[in-house]
Amino acid sequence: MNSMQIFSKNIGFNDWGEIYLGLKKGWITRSDLFAFCQKGYVIPCGEDRLAALYLAEDESFYQLIKQILGFISEARQPLIDTHAEEFDNPIHLRDIPQQYARLWQLEFLLRTDQQPLSAKDKMWALNNLWSDFGYPEAWRPFQILTDFPDIGSEQRIEALYKEYQSYLGAEVAALEVSHKIIT
């Protein structure tokens, strides 16, 4: 991956749970993690943390995961898994703490926004993402719900697309404050 839409908005990872979730879901790789730390995209990753990650990875992938779980625990953040050995167990996104999902939700919303698709196709793609992320309530206003009689009308799609753009702008503004990359 190595390039994410959030970085172009000056938004980075603010806690280790976001990193852990990205690794667990396969959205980022170990090499991405190290590159992001070196570029300052992982806000809590100073030189000491980066060195600890490198040392842990030299031992094994599970030692790296154990180190990240330790960082999460030190910060008194909620854990997704409690042991590195649980890393390979599947997880549904509705079962993870919202504070970890929010950044990833924004990333995937931004990716969808950058797709060369029509507004209607983007809205259908967002419906799939809504499902993938466990139906976040905040996304309901821009979902194509089948119980609307004008489900596919141009006016309906346009209204939903405006809601989506408004939400996207608000999320970027909020995370620019809480997840600002310090350069």
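Me: What makes arginine 111 a residue that lies over the face of phenylalanine 108?

Reply: In this predicted model, local features need pLDDT of at least 70 and side-chain atom pairs count only at pLDDT 80 or more, while totals for chains, interfaces and linings use all residues. Residues are numbered from 1 along each chain as its sequence is written, and side-chain values use heavy atoms, with hydrogens and water left out. A charge sits over a ring if NZ of Lys or CZ of Arg is within 6 Å of the ring centre and within 35 degrees of the ring normal. Arginine 111 lies at 4.4 Å from the ring centre of phenylalanine 108. The charged end of arginine 49 likewise sits over the ring of phenylalanine 71, 4.2 Å from its centre.

Me: Why is the pair of phenylalanine 108 and phenylalanine 133 called tilted?

Reply: Rings of Phe, Tyr and Trp (its six-membered ring) pair if their centres lie within 6.5 Å; planes under 30 degrees apart are stacked, over 60 edge-to-face, and the rest tilted. The structure holds 20 aromatic pairs. In this one the centres are 5.8 Å apart and the planes stand at 55°, so the pair is tilted. Phenylalanine 108 belongs to helix α6 (residues 98-114) and phenylalanine 133 to the loop between α7 (119-132) and α8 (154-178), 25 residues apart; helices are DSSP runs (H or I, at least four residues), numbered from the N terminus.

Me: How do you know whether phenylalanine 108 is buried or exposed?

Reply: Buried means under 20% relative accessible area, exposed over 50%, and partly exposed in between (1.4 Å probe, protein chains only). Phenylalanine 108 has 14% relative accessibility and therefore counts as buried. Phenylalanine 133, with 5%, is buried too.

Me: Why is the pair of phenylalanine 142 and tyrosine 164 described as tilted?

Reply: The ring centres of phenylalanine 142 and tyrosine 164 are 5.6 Å apart and the planes are at 50°, so this pair is tilted. Phenylalanine 142 lies in the loop between α7 and α8, and tyrosine 164 in helix α8, 22 residues apart. Both residues are buried.

Me: What makes a set of residues a nonpolar core, and which members touch the most others?

Reply: Such a core is a set of buried Ala, Val, Leu, Ile, Met, Phe, Trp, Tyr and Cys residues joined through side-chain atoms within 4.5 Å. The largest has 55 residues, of which Phe13, Trp16, Ile19, Leu33, Leu53, Ile68 and Trp104 touch the most other members. Helix α6 gives the most to this core, with eight residues.

Terms used:
Helices (H or I, at least four residues) and strands (E, at least two) are DSSP runs, numbered from the N terminus.
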